[in-house]
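Have the viewer open and follow along with me.

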Amino acid sequence: MDDALVFHRLQFAFTIVYHYLFPQLTMGLALLIVIMKALGLRQGGERWNDAARFWIRIFGINFAVGVVTGIPMEFQFGTNWAKFSRHAGSVIGQTLAMEGLFAFFLESSFLFLLVWGERRLSKIGHFLAAVALFLGSWLSGYFIIATNAFMQYPVGHAVAADGTLRLVDFWAFVLSPWAIVQYAHNMVAAVVTGAFVMAAVGAYYTLTRRHLPTAGLFLRLGVTAALVASVLVTVTGDRQAKLVARHQPVALAAMEGRFESGAHAGLNVIGQPNVSARRLDNPVVIPWVLSFLAFGTFQAPVQGLDAFPRDDWPDNIELLYYSFHIMAGLGTILTAIAFVAVLLWWAGRLERSRPMLWILMLAFPLPYIANTVGWMTAELGRQPWLIFGVFRTAQGASPTVHAGTVLFTLIGFCGLYLALGILFLFLIGREIAHGPAPLSPAGRGHVEPVHA
């Protein structure tokens, strides 16, 4: 792999991983804000509205930083990946354009109404604005996922006379099985992030004896949503793994560190892939389970890496293997935390259990890590293809942008994103320090909408 291609990939990986820290929280919070507004309408009073108002401000800050950090990726399609854009632009341009024209404007317009329009709208009107924000946020997520799903499982296209791809079946492209399953898995994982962040803030306020009535709402909604979403992540993850087994068996083999083909395949829980020796060192294996998880029977044969040409193997098997196993391990831990927290809530002991409050407060980075390594698993598993089985990654890079230029801009991105990160933490810290507050008679009072 030449140096320029390495830096092209590194730069895109850095920008997308950093960017995804923000939309995964906004997509998760969008649903939780709708739930809080709905509970406010049903139960009356202002408790849930006060809680929702706090998270709308957090949403706004995340949305603003997410937009800023997402813009460079759009340019990278034209600068670093110009050959890929020429080859597949008429297909993936459909969903990317809809994401910008429809979903983004729907999301940003109704965020404005949510932040500044509470006093001017009726309670039902403000609730409907929250619903529209949720729809815009999740629709935006769908268009991005559908774009990526085409790169994982290309359908609905044909090869034109000039060798580029043309869209011939829009609905097959937009509603491919891969897109639907990947979207479901991604969105419930985003809810896990939002729920654990909400529970962490509730735990912090409870431990410091501040804003106790609203902190209780954060805790109860946070842990309940975290448990439901964590279970759904397991279900949707299983469906996605079955798609990988059927359509990207080489990726599954690398994810599992499975070098040899055969029936009754075991699930490798622990081990270290030794690619040069073509084996998994120190494995801990659950017999036959991989065959069952992948194909529904314990006897099903599962292909190992030996079934594929070496040039078709993912080019960083070690990183792919560890990303997948970290994701699965963190998913299990998060489900267990949420399950115990919900049990304590049912027993009326959650807000008095300081160990669990500390665990919830400190656990909020875990879903961010799980989502990041989950995304890395999908992207590393697709390599060495940009469009799986159709177009290799090495074919898509811009030949006129050399390694030094990409490294220079990558350093620039690192500096810029560091500054943005510091600003983001300052703004979020200030909002958490202010805490939830009632709507003042003047309209906002100390409810300053978005301080960005």
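My notes go from the core to the salt bridges and then to a hairpin.

**Ground rules.** This is a predicted model, where local features need pLDDT of at least 70, side-chain atom pairs count only at pLDDT 80 or more, and totals for chains, interfaces and linings use all residues. Residues are numbered from 1 along each chain as its sequence is written, and side-chain values use heavy atoms, with hydrogens and water left out.

**Core.** I looked up the largest nonpolar core and found 131 residues in it. Such a core is a set of buried Ala, Val, Leu, Ile, Met, Phe, Trp, Tyr and Cys residues joined through side-chain atoms within 4.5 Å. Buried means under 20% relative accessible area, exposed over 50%, and partly exposed in between (1.4 Å probe, protein chains only). Leu 360 and Phe 196 are among the residues with the most contacts inside this core.

**Salt bridges.** I found 11 of them, each a side-chain nitrogen of Lys or Arg within 4 Å of a carboxyl oxygen of Asp or Glu. Glu 118 pairs with Arg 53, their closest N and O atoms 2.7 Å apart. Glu 118 counts as buried because its relative accessibility is 14%; Arg 53 is buried too, at 4%. Asp 50 joins these two in a network of salt bridges.

Strands E3 (residues 267–274) and E4 (residues 279–286) pair in the antiparallel sense over six bridges. Strands here are DSSP runs of at least two residues, numbered from the N terminus, and two of them pair if DSSP finds at least two bridges between them. Four residues sit between E3 and E4, and Arg 278 in the turn has a positive phi of about 55°.
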